[in-house]
Amino acid sequence: MDKESELRKRTCCFTGHRPGKLTMPEQKIKAALEQKIQAAIADGFQTFISGMARGVDIWAAEVVLRLRNGGQPIRLVCAVPYNGFETCWSAAWQERYRRILFGADQVQYICPKYSLGCFQIRNQWMVDRSARIIAVYNGGRGGTRNTLKYAAAQGISIIQI
């Protein structure tokens with residue numbers, strides 16, 4: 001088995017909605033994410049990929065960094081759709097975003113600049129490198145649903161919150 005296939009077996013990514021589409025409060029979602037991340041670590045997952053969007057992606061990345069800094073032997077990869085992705089966010093979200101990028105083990109800019117398909121390209125990049133996806137999904141249309149459909153078509157294990 002080649003190195004890339006071996007790494008993929010131990011890599012997990014996240015997908016989920018922006019805060020406005022969620023009915024559960026942040027702390028409840030972060031607690032659920034932590035439980036699923038701990039289970040993934042127990043199952044041998046060592047690398048976690050966040051797409052770095054506001055909401056679930058940022059919250060999952062914060063949990064991964066906290067666990068890593070607490071001694072868990074795990075890595076965080078930030079899959080950023082394009083450089084400058086965060087510039088129209090509030091100052092508070094931008095600060096969280098920058099703190100995560102600073103603490104990440106790897107930051108990968110997926111597209112050279114914004115384009116209509118850049119988010120889907122980022123989502124497929126994450127799924128193509130993962131064996132499991134942890135999703136916070138309410139059943140609605142959008143990027144999370146598209147990502148889950150793509151993951152299912154690729155035979156990726158889906159853990160849904």
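**Exercise 1. Count the disulfides in this predicted model.**

Solution. Start with the rule: a disulfide is a pair of cysteine sulfur atoms within 2.5 Å. Next, take Cys13: the closest cysteine sulfur to its own is in Cys12, at 6.3 Å, which is too far for a bond. Then take Cys118: the closest cysteine sulfur is in Cys111, at 5.4 Å, again too far for a bond. By this rule the count is zero disulfides.

The model is predicted, and local features need pLDDT of at least 70, side-chain atom pairs count only at pLDDT 80 or more, and totals for chains, interfaces and linings use all residues. Residues are numbered from 1 along each chain as its sequence is written, and side-chain values use heavy atoms, with hydrogens and water left out.

**Exercise 2. Decide whether Cys13 and Cys118 are buried or exposed.**

Solution. Buried means under 20% relative accessible area, exposed over 50%, and partly exposed in between (1.4 Å probe, protein chains only). The relative accessibility of Cys13 is 0%, so Cys13 is buried. Cys118 also has a relative accessible area of 0%, so Cys118 is buried.

**Exercise 3. Compare the span of helix H3 with the expected one, and state how many of its residues are buried.**

Solution. Helices (H or I, at least four residues) and strands (E, at least two) are DSSP runs, numbered from the N terminus. H3 covers residues 56-69, which is 14 residues. The expected span is 1.5 Å times one less than the number of residues. From first C-alpha to last, H3 reaches 20 Å, close to the 20 Å expected. Of the 14 residues, 11 are buried, among them Trp59, Glu62 and Leu67. After H3 comes Gly71, with a positive phi near 115°.

**Exercise 4. Describe how H3 packs on helix H4.**

Solution. Axes are lines fitted to C-alpha atoms, for helices over the stretch in contact, and angles run from 0 to 180 degrees between N-to-C directions. The axes of H3 and H4 (residues 91-103) are 10 Å apart, at an angle of about 40°. H3 is therefore oblique to H4; angles under 35 degrees count as roughly parallel, over 145 as roughly antiparallel, 65 to 115 as roughly perpendicular and the rest as oblique. Contact means heavy atoms within 4.5 Å. H3 contributes Ile58, Trp59, Ala61, Glu62, Leu65 and Arg68, while H4 contributes Trp93, Arg96, Tyr97, Ile100 and Gly103. The crossing is left-handed, the term for a near helix turned anticlockwise from the far one by less than a right angle, with right-handed used if clockwise.
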